[in-house]
Amino acid sequence: MEDCLFCNIIAGKIPSEKVYEDDLCYAFRDISPLAPTHFLVVPKAHLASAAEVTEENAAVVGHIFAVIAKLAKDMGFADGFRVVTNCGELAGQTVHHLHFHVLSGRQLGSFN
Ligand code: 5GP
Ligand code: ZN
């Protein structure tokens with residue numbers, strides 16, 4: 001997807017501050033952090049949003065959650081964090097490549 005921002009970040013064509021990478025996913029710091037720890041985890045294979053997850057491609061979502069749990073321990077924020085994915089413009093999705101926000105480092109309020 002040559003016109004997809006996050007595909008270009010994964011490919012290294014657009015610089016990013018890498019947090020973690022493996023064969024299936026890439027994690028990098030959000031450019032406009034909303035918490036002291038705020039990074040995004042994306043599947044390397046392009047999916048537009050959570051609405052495109054199917055039984056056939058869902059394994060990467062479980063893998064991403066396992067990676068997040070490991071990073072929480074390794075980076076020292078396992079005591080409290082939030083994982084968010086915005087799906088569709090009504091939910092505030094601005095980049096149409098599936099991504100999970102990981103937020104920690106401050107008291108997070110309720111949201112609606
Ligand atoms: P969304 O609003 O789609 O859920 O989240 C998109 C996120 O991507 C936003 O939090 C925004 O700050 C972040 N973002 C947008 N462009 C870039 C970029 O070029 N680099 C990085 N690291 N983050 C970006
Ligand atoms: Zn993409």
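In the predicted model, Phe81 is partly exposed, with a relative accessible area of 33%. The structure holds five aromatic pairs. Among them is the contact between Phe65 and Phe100, whose ring centres lie 5.5 Å apart with planes at 75°, so that this pair is edge-to-face. Phe65 belongs to helix 2 (residues 59–75) and Phe100 to strand 5, and the pair therefore ties together parts that are 35 residues apart in sequence. For Phe77 and Phe81, the ring centres are likewise separated by 5.5 Å and the planes meet at 85°, so this pair is also edge-to-face. Phe65 counts as partly exposed because its relative accessibility is 40%, whereas Phe100 is buried, with a relative accessible area of 6%.

The zinc ion (ligand 2) is coordinated by the SG atoms of Cys4 and Cys7 and the ND1 atoms of His46 and His97, at 2.0 to 2.3 Å. Along the chain, these donors follow the spacing C-x2-C-x38-H-x50-H. Cys4 is placed in the segment before helix 1 (5–10), and His97 in the loop between strand 4 (81–84) and strand 5 (100–104), so the pair ties together parts that are 93 residues apart in sequence. Cys4 and His97 are both buried. The angles subtended by the four donor atoms around the zinc ion (ligand 2) range from 102 to 116°, and the arrangement is therefore tetrahedral. For four tetrahedral donors, the ideal angle at a metal is 109.5 degrees.

How values were computed. Residues numbered from 1 in each chain as written. Chains lettered and ligands numbered in written order. Predicted model: local features only at pLDDT ≥ 70, side-chain atom pairs only at ≥ 80, totals over all residues. Heavy atoms only, no water. Donors = N, O, S within 2.8 Å, 3.2 Å for Na, K, Ca; no water. Tetrahedral: all angles 85-135°; square planar, octahedral: opposite > 155°, others 65-115°. Helix = DSSP H or I, 4+ residues; strand = E, 2+ residues; numbered from the N terminus. Buried < 20%, exposed > 50% of the residue type's maximum accessible area, 1.4 Å probe, protein only. Phe/Tyr/Trp six-rings, centres within 6.5 Å; stacked < 30°, edge-to-face > 60°.
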